[in-house]
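Subject: Structure handover

Dear colleague,

Please find the structure below, with my notes after it. Have a look at it first and then read on.

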Amino acid sequence: MGFVENMIKKSRLKSPWIVHFDCGSCNGCDIEVLACLTPMYDVERFGVVNTGNPKHADVLLVTGTVNHRNRHVLKQIYEQMPEPKAVVSIGACNLSGGVFKDSYNILNGAHTVIPVDVFVPGCPPKPEAIIDGVVTALNALAAKMGLGPAPGAALMPGDEDAPKAAAVG
Amino acid sequence: MLSILGALGGVILAPLAGGLLSGVDRRLTARLQSRMGPPLLQPFFDIFKLFGKAPQATNAWLVFSAYIYLLASAFALFIFFMGGDLLLLFFVLTIGAVFQVVGAICVPSPFSQIGAQRELMLMVAYEPILILVFVGFAMCTGSFSIADVFKLNTPLLLKMPLLFLALGYALTIKLRKSPFDFSASHHGHQELVRGVQTEYSGPFLALIEIGHWLDLVLILGLCALFWHTSVIGMVLLVAASLFTEILIDNITARLTWQWMVQKQSLLVGMGLALVNLLWLYVA
Amino acid sequence: MMNFLVFCCVVLPFIVGLTLYCVQNSSLRAMLVPTAVVVMALAAIGLGAGGPFHMEASQLFGLPTDAVFTLLDFLLLLYILVLGWNLRSRLVMGMTALQLIGMAYLKSVLMAHDIPVTGFAPDGLSLIMVIIICVVGGLITIYGLGYMDLHEEHLHLRTSRQPRFFAIIFCFLGAMNGLVLCNNMSWMFFFWEVTTLCSFFLIGHDGTEEASKNAFRALWMNVLGGLAFVSAMLFIQKSMGTLSTEVILQKMAALDIKSTAMLLPFAFLCLAAFTKSAQVPFESWLCGAMVAPTPVSALLHSATMVKAGTYLLLRMAPAFAGTTMSTIVALFGAFTFVGTCMLAVSQSNAKKILAYSTIANLGLIITCVGINTAASMVAATMIIVYHSVSKGLLFMCVGTIEQRIGSRDIEDMRGLYGVMPRTATITAIGIFTMLLPPFGMLIGKWMAIEAIARAAQAMTPILFFIALGSAFTVFFWARWAGILISSPSLYEYPVKGFQKPTVIFSLRMLCCVALLFSFISPVVLKDFVGPSVEGVYARFNLRVEGFIPGANFTSVEGYSWIYLLFIMLALGVWFAWRMSRKVPEKAHALPYFSGLAAREGDEVGFRGPMNVFEPARVSNYYLTQYFGEEKVTHAIDVISIAFLIVLVGGLL
């Protein structure tokens, strides 16, 4: 069974299927996420498949401002993903609420609802940054399986109060 | 005895072939879209990953159906390798298809249920064609046995070219390729989330996927029977069919079911099959 | 010995029926019914084990049987005449009067000095039918005990009408046994008319307006069939001088060229069989019959009534083998098959789906009869046997479900697995025995397709119809099976104490019979069906076209395929079941619903605006815009009437 287990471990890093949830962004981040699938960036090179279904996905990409109405949705989508899984939070709004931070109807970031592994800041982040975020999320997955060190945090200047997790960009 | 072992070996090796073909498919598709595409072994990575995921199910019948689907596909392939009866093969294929539908309907999810309804439409479209194609075989060889095909001296393609085209329709539907992929499209595409496969996840989705590979091998095998006299011919025919399928997949849009059942499959597919059968009957 | 067994199968049910009618005591009924059923079943099996035989039966209780039957024929026709008068129906009265005149002419002029005819000459087919009637029909009767109690409770009847109900059911079974066993056509006619009358009473049993209307429709359509039967007897007596089935078949089979005059009576017999088997355009009486209590529909659809028509055709088939008429019959059957399969797709009423599927399968049987080769006969017999078992089971299941959830609509059966897991599973098994290999029905269908593919005439259009119809069959069965076992929970557990013991017993018993019978299908084929058809072909010196019936199938290789498939599937089902039971409860997840899935009780839906729970409702595709009854029935009727005109008129 050693072979199968090794294959499974190896395959987890080679076949990250993503599901993309937009909590209500201006669509800037979403366009950049979808740009990753185009021939220009072609994330299928890394085995990435954009599924429409959390039950099939390994990596959750979240964009947009999380608010009180959609946090249940976000939480359920996260819960419906079978283990092992990782979450990539994309864009300023999703990281912290962005320009809407501390509004009465806004939660300040997806990390307040679900455990986030990787933050990709930007308004919107470039596709390269998003791809890098997914790859970093895979490293985080590998670390969870004990296959290597957890990716270090790369903080932006002035981000000292950000949650303790890897950030890319 | 040897033939049984051979057939069993074939069934065991078939997922490898099916996975590779699927890898070729994904890569070719990517190239047709001027992308790099995934590694050739990507389907295997996907399957192993899926097996490593935690099980999750809404309903125990879903799990049951996934296993039966895989079993039926494997048994159909076994019949094929043993040179068994074409009608039996057809009926066993139906078991798999029916359980895929049952598995999708037994979960109260609108996506998979509508997917199942559409899958039934697809079955209405391809089943008659398959029966007519098999009858064409029987008219040429005098029996429904696959082994008897190899007793003929001329390729069947010469006698039933239209039936081969009709089989192309069934092939497209079975492979879930555009324009006939409205019940559940394959990797990278979405229709009704994932149609009949929406509620399968992790290891159970992997079972369905392997069953799909087996179906792929089986149907390409049926295509190969049309040029049984030479190995090169078989390979050529299979390669040509697969490439045509991938090309069609990439250059056509998805059809609605009305279009598909009424105009495409029933009229054109059945028409082709009927003309060919009448021709065989007269000849 | 044979005398006694035949007595048990044919006369005993009438006596039991009469006793039940006179004795109104329910506890006695609860004892007498199962006992009688067991005796009949044992007698039937005894008959079947003995093989074909001849029996004169010239005396019944010391009276000359022929005279008794003549008297009974007239009494019965007179009774139907009176019935027509009471119903104010000129149609029924007119047709019955014509039958009376025909019978009178037949008995007084044509048969004035007639050589005696062998009373009973059952061949393999008859014996198979007797076993089916007694075993399946018997189980349905036992099921009726529990069902009717609940049924009458729901109706709040002051006095139970069960004595009448069971009396008629037993007469029905006896008449069916008589019909398939006897050799003399004028006796057969008596039993034929008794089944008509019994079905009329049973369909109208509940006495509602709809029931009376549908019962009347069944009556006039079957009286039309009776008229065709009488006409056929007249022509046959005139041209052949005998009414013995055996002799008729021998004479017909010996003819090299069958003239139209010789074939005409058989066209009439086909017409009679089509009415009884509810082929299009007569399908409406069988669809209407579902207003009756479930045991009645189960009986009509599985073991009795509709099978009488196909039995008659199968019996008479050698007479018109190799004629154009036979081809027309085959085309007609294939057309019925595809037409009613389409209609079944458009239905959500479970009993109607079953009804149309019955008619479709009868159409398939008739196609096989029309193909008229040894192989197709074997296929037809196989389908008769396995269809009876599975259809009886399915009807009983629908009745049980209806009594529990108060609906027979398949849309209302969503989540039934949570309410009554065992019945839902048995129903699903019943569906799979109708639909999937390696069960008997599919083996019959398999052989039918083989036989058609090897047929000489009109193979392509028939095959086209059958292929198309088969696809529709999958369409309406598969979705129903899925609905039955649907549930939002990972596992469900049965609740005890809801069902009557007789109901549970019959359901499980018939389910086991269906599975077991399918398992031994190669044996059934080789030891019963095959020899029966071979016997027919040997007796009448018919040519067997190069192809031995079921050769592919009864050979060692064919056997091993079926058993291999059976064992593989049994192991697979066991393994899949085990694996599905291993999924831990914590792995349960609600279905994907865009992150909004919510569950309340047994309903799954989503949280809508204002945090209100909205159940998700999905419905099947019924394609009513294409296959709806009002869209298609008319066209089907027109085409099928055209077929009938060609069938009868082509000969005139």
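Of the contacts in chain A with a separation of 6 or more, 75% are between residues 24 or more positions apart; two residues are in contact if their C-beta atoms, placed from the backbone, lie within 7 Å. This is a predicted model, in which local features need pLDDT of at least 70 and side-chain atom pairs count only at pLDDT 80 or more, while totals for chains, interfaces and linings use all residues. Residues are numbered from 1 along each chain as its sequence is written, and chains are lettered from A and ligands numbered from 1 in the order in which they are written.

Chain A: fold and confidence

Chain A has five helices and six strands, where helices (H or I, at least four residues) and strands (E, at least two) are DSSP runs numbered from the N terminus. Along the sequence their order is α-β-α-β-β-α-β-α-β-α-β. Of the 169 residues in chain A, 51% are buried. A residue is buried if 20 or more other C-beta atoms lie within 10 Å of its own, exposed if 12 or fewer, and partly exposed in between, with C-beta atoms placed from the backbone.

The average pLDDT of chain A is 83, and 88% of the residues score at least 70; pLDDT is the predictor's confidence in each residue, from 0 to 100. Within chain A, confidence is highest in strand β3 (residues 59-63), at a mean of 92, and lowest in strand β6 (residues 166-167), at 46. The pLDDT is below 50 over residues 165-169 of chain A, yet this stretch has 33 contacts in the model beyond near neighbours in sequence.

Strand β4 of chain A

Strand β4 (residues 86-90) of chain A is mostly covered, with five of its five residues buried. Which residues lie on each face of β4(A)? Ala86(A), Val88(A) and Ile90(A) are on one side, Val87(A) and Ser89(A) are on the other, and all are buried.

β4(A) pairs with β3(A) in the parallel sense over five bridges; two strands pair if DSSP finds at least two bridges between them. In this pairing Val62(A) stands opposite Ser89(A). β4(A) also runs parallel to strand β5 (residues 118-120) of chain A, joined to it by three bridges, and there Ser89(A) stands opposite Phe119(A).

Together, β3(A), helix α3 (residues 71-80) of chain A and β4(A) form a right-handed β-α-β unit. A crossover is right-handed if, with the strands pointing away from the viewer, the path from the first strand over the helix to the second runs clockwise.

Contacts with chain B

On the A side, 19 residues of chain A are in contact with 27 residues of chain B. α1 (2-14) and β2 (49-51) of chain A each supply at least two residues of the side that touches chain B, and α1(A) gives the largest share, five residues. That side of chain A divides into five nonpolar, seven polar and seven charged residues. Here Ala, Val, Leu, Ile, Met, Phe, Trp, Tyr, Cys and Pro count as nonpolar, Asp, Glu, Lys and Arg as charged, and the others, Gly among them, as polar.

On the C side, 55 residues of chain C are in contact with 53 residues of chain B. α19 (440-453), α20 (459-484) and α24 (556-582) of chain C each supply at least two residues of the side that touches chain B; the largest share, 16 residues, comes from α20(C). By class, this side of chain C has 42 nonpolar, ten polar and three charged residues.

Chain C: domains

The domain assignment of chain C gives domain 1 (1-54 + 93-253 + 294-303) and domain 2 (321-582), with bounds that come from an automatic or database domain assignment. The centres of the two domains of chain C, taken over C-alpha atoms, are 25 Å apart. Their contact takes 25 residues from domain 1 and 32 residues from domain 2 of chain C. On the domain 1 side, α5 (124-155), α9 (245-254) and α12 (294-301) of chain C each supply at least two residues, and α5(C) gives the most, with 14 residues. The domain 1 side divides into 16 nonpolar, seven polar and two charged residues.

Phe170 of chain C

Phe170(C) lies in helix α6 (residues 162-181) of chain C. Why does Phe170(C) count as buried? Phe170(C) counts as buried because it has 28 C-beta neighbours inside 10 Å. Not counting residues up to four places away in sequence, Phe170(C) touches Pro13(C), Val16(C), Gly17(C), Leu20(C) and Ala36(C). Thr336(C) is 166 residues from Phe170(C) along the chain, and their C-alpha atoms are separated by 31 Å.

Regards
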